[in-house]
Amino acid sequence: MQHEPRDWLSSLRVYLRAPVVTLLFLGFSAGLPYLLVFSTLTAWLEDSGVEVAAIGFFSWVGLLYSIKLFWAPIVDRVRLPLIGRLLGQRRSWMLLGQTLIAAGLLGLSGLDPAGHLPLVAAFALLTAFGAATQDIVIDAYRIESGEAAIQAAMASTYIIGYRIGIVMAGAGALYIADAASWGIAYLSMAALVSIGVITVLVRPEPPRPQSLTVVLFHPRVKRFLRQRRNRSHWQRQAGVWLIAAVICPISDFFQRYGRLALWLLVFIGIYRISDISMAAMANPLYLSLGFTKSDIASVTKVFGVLMTIGGGVLGGLMVVRYGIGRMLVLGALAVALTNLLFALLATGGDSLALLIVAITGDNLANGLASTVFIAFLSSLTSRTYTATQYALFSSLMTLPGKFIGGFSGLVVADVGYASFFVIVCLLGLPAVALAWWLSRRLPTLGNDGDTRNDDGETDPRAGREDHEPASVR
């Protein structure tokens, strides 16, 4: 079923809806702590005279973002005492994550890294854990608080807010540290966490179609209870929780998509493989061509962020107007082909005009593809197991690219920058082909909630509770 295009004015109105605006502020809350435990923190450590070898170990703090899948089932299913009843499942966990972020940043603001390195590491880990937990909940909140028709717009405003948070935690913190001190900078960042806190307090809890008590009637759970009648009550309860919170989300995905499930997981793993695997070689390329650090910062960090935001807005509009399926193909193609701009840059010398062209194309493509892909992943996620399934998808999305990216330096050393970026472009072509193939086989990629396949028949998954729009629940 082809998506019937909407007019641009109708497409723009989606950005005025409350759930879409909410994600702008939650995106800021998610982006704020990221650099504060990475590049901004390492700049503080370097400025404080900490040895380079010790600074390198702080990159391991980022592993908490990559392994959030392991505690996502807890966030998805365990109700926090007291505050969980008051705010609900999602908002209470989000508030807890923000509290941990603020506590970690406050702790960092009162330390001298040179004399308290273990404490700096501990507070950085606390901040990163809170941020990763918040990410889990925001992803679930986004999917549950808006129907399929506005998921791309919500992804777009989330990316805009995230990028603003990144700029504030990067350039903003550096400006404050230069004008006052690092302690004041981190204290200011802790105060900005209040933006996310206020958003959580004023916005409602999203509806959840299925509680854990309903999951207890899952066939696997009932079979488990029958087989373990002689076990203690606590052993059976622990087993039931494990099945309902961990096994059921995975089996649900394979039951809903059948043989397509494996292809979907492959597609998730390779969709961003092109731009993720080249990321480590971007800055070395700029420096090798003779660009100054100021040129790189101005073009890639300021102008580039604006282009990413523009790409995100454009992606949200085009999904509303043309549907996810077509935009998945376009996003995959754009991400792959823009690597050729870097190949051209590598052969063109220190041309500032070529650098601007490359950054424009790359960041527009990345912003568009990110928005479309978030909307796509949201469409795959069951609202019964939102946090767990989306954490699985988002972890899988980055792993192949990060793994291949580890070998990027060896490839550049062997064939040079220009050939490397051509190879990376070719790596992205399978994702283009798979995007087109899947768009022909998944009715949910046609348009807003339309469940008819190419023959006009109703899709068998249309009656499932977890695929109903929020407006009918």
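**Close-up 1. Six salt bridges occur in the structure.** A salt bridge is a side-chain nitrogen of Lys or Arg within 4 Å of a carboxyl oxygen of Asp or Glu. The model is predicted: local features need pLDDT of at least 70, side-chain atom pairs count only at pLDDT 80 or more, and totals for chains, interfaces and linings use all residues. Residues are numbered from 1 along each chain as its sequence is written, and side-chain values use heavy atoms, without hydrogens and water.

**Close-up 2. Arg-90 forms a salt bridge with Asp-76.** Their closest N and O atoms are 2.7 Å apart. The pair links distant parts of the chain, 14 residues apart. Arg-90 lies in helix α8 (residues 89-109), Asp-76 in helix α6 (residues 72-77). Helices (H or I, at least four residues) and strands (E, at least two) are DSSP runs, numbered from the N terminus.

**Close-up 3. Helix α20 (residues 324-337) packs with helix α21 (residues 339-348).** The angle is about 10°, and the axes are 4 Å apart. Axes are lines fitted to C-alpha atoms, for helices over the stretch in contact; angles run from 0 to 180 degrees between N-to-C directions. α20 is therefore roughly parallel to α21 (angles under 35 degrees; over 145 is roughly antiparallel, 65 to 115 roughly perpendicular, the rest oblique). Val-335, Ala-336 and Leu-337 of α20 meet Asn-339, Leu-340 and Leu-341 of α21, where contact means heavy atoms within 4.5 Å.
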